[in-house]
Amino acid sequence: QVQLVESGGGLVQAGGSLRLSCAASGRTFNKYSMGWFRQAPGREREFVAAITWSSGSTYYADSVKGRFTISRDNAKNTVSLQMNTLKLEDTAVYYCAARWITTAQLMAHMSLDGMDYWGKGTLVTVSS
């Protein structure tokens, strides 16, 4: 069993930066690929970024490529999302997800039901 708890959300002006963190419980964290997803009001949850469990390779949605960076610290059981040059359209609830032994690219394209665990989310609001 893995529990995921997100933190770091808040209100930021357009063009600003924010860093989200996801703390995971469980001894096998390093066997899970980790991802960030987001859900804006009235929209479906969508993939943002993922990082592979073994190689640390990353994969990003086109909408955030070059602005967001995902990283993980297996020693601390955490995964982070550094968000720079934030835009109004980045406003959403951001969720951390875990999937057992897969790749970041596969995680980006699989059904949301394919995730093994989800956090409860943290709200990011970008203002003008």
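Close-up 1. Buried means a relative accessible area under 20%. Cysteine 22 has a relative accessible area of 0%, so this residue is buried. Cysteine 96 also counts as buried, at 0% relative accessibility. The model shown here and in the other close-ups is predicted. Cysteine 22 and cysteine 96 form a disulfide, with their sulfur atoms 2.2 Å apart. Cysteine 22 sits in strand E3 and cysteine 96 in strand E9, so the pair links distant parts of the chain, 74 residues apart. The torsion about the S-S bond is about -80 degrees, which means that the disulfide is left-handed. The count for the structure comes to 1 disulfide.

**Close-up 2. The largest nonpolar core.** In soluble globular proteins, nonpolar side chains tend to be buried together. The largest nonpolar core here has 39 residues. Leu4, Met34, Trp36, Leu81, Met83 and Tyr94 have the most contacts inside this core. Several elements each supply at least two of the core residues, among them strand E3 (18-24), strand E4 (32-39), strand E8 (78-83) and helix H1 (104-109). Strand E5 (46-51), strand E7 (68-73), strand E9 (92-100) and E11 do likewise.

**Close-up 3. Tyrosine 94 and its contacts.** Tyrosine 94 is among the residues with the most contacts inside the largest nonpolar core. Neighbours within four places in sequence are left aside here. Beyond them, tyrosine 94 is in contact with Leu20, Trp36, Phe37, Val48, Phe68, Leu81, Met83 and Val124, among others. Its contacts also include Glu6, Arg38, Gly121 and Thr122.

Close-up 4. Threonine 122 lies in strand E11, which covers residues 122-127. Threonine 122 counts as buried, at 11% relative accessibility. Its side chain reaches the backbone nitrogen of glycine 9 at 3.1 Å. Not counting residues up to four places away in sequence, threonine 122 touches Glu6, Ser7, Gly8 and Gly9, among others. Leu20, Ala92, Val93 and Tyr94 are also touched by threonine 122.

Close-up 5. E4 pairs with E9 in the antiparallel sense over 8 bridges. Phenylalanine 37 stands opposite tyrosine 95 in E9. E4 also runs antiparallel to E5, joined by 5 bridges. Here glycine 35 stands opposite alanine 50 in E5. E4 and E5 form a hairpin with 6 residues between the strands. In this hairpin, glycine 42 takes a positive phi near 75 degrees.

Close-up 6. The covered face of E7 holds Phe68, Ile70 and Arg72. Its uncovered face holds Thr69, Ser71 and Asp73. E7 and E8 run antiparallel and are joined by 6 bridges. Phenylalanine 68 stands opposite methionine 83 in E8. The hairpin has 4 residues between E7 and E8. Asparagine 77 in the turn has a positive phi of about 55 degrees.

Close-up 7. A pair of aromatic rings is described by the distance of the centres and the angle of the planes. The whole structure contains 6 aromatic pairs. In one of them, phenylalanine 47 and tyrosine 59 have ring centres 6.1 Å apart and planes at 45 degrees, so this pair is tilted. Phenylalanine 47 belongs to strand E5 and tyrosine 59 to strand E6 (residues 58-60), so the pair ties together parts that are 12 residues apart in sequence. Phenylalanine 47 is buried, with a relative accessible area of 12%. Tyrosine 59 is partly exposed, at 26%. In another pair, the rings of tyrosine 95 and tryptophan 118 have centres 6.4 Å apart and planes at 90 degrees, so the geometry is edge-to-face. This pair links distant parts of the chain: tyrosine 95 in strand E9 and tryptophan 118 in strand E10 (residues 117-118), 23 residues apart. Tyrosine 95 counts as buried, at 11% relative accessibility. Tryptophan 118 is partly exposed, with a relative accessible area of 27%. Ring pairs link Phe37, Phe47, Tyr59, Tyr95 and Trp118 into a cluster.

Definitions and conventions. Residues numbered from 1 in each chain as written. Predicted model: local features only at pLDDT ≥ 70, side-chain atom pairs only at ≥ 80, totals over all residues. Heavy atoms only, no water. Buried < 20%, exposed > 50% of the residue type's maximum accessible area, 1.4 Å probe, protein only. Polar contact = N/O pair within 3.5 Å; in protein donor to acceptor, adjacent residues only side chain to side chain. Contact = heavy atoms within 4.5 Å. Core = buried A, V, L, I, M, F, W, Y, C linked by side-chain atoms within 4.5 Å. Pairing = 2+ DSSP bridges. Disulfide = S-S within 2.5 Å. Phe/Tyr/Trp six-rings, centres within 6.5 Å; stacked < 30°, edge-to-face > 60°.
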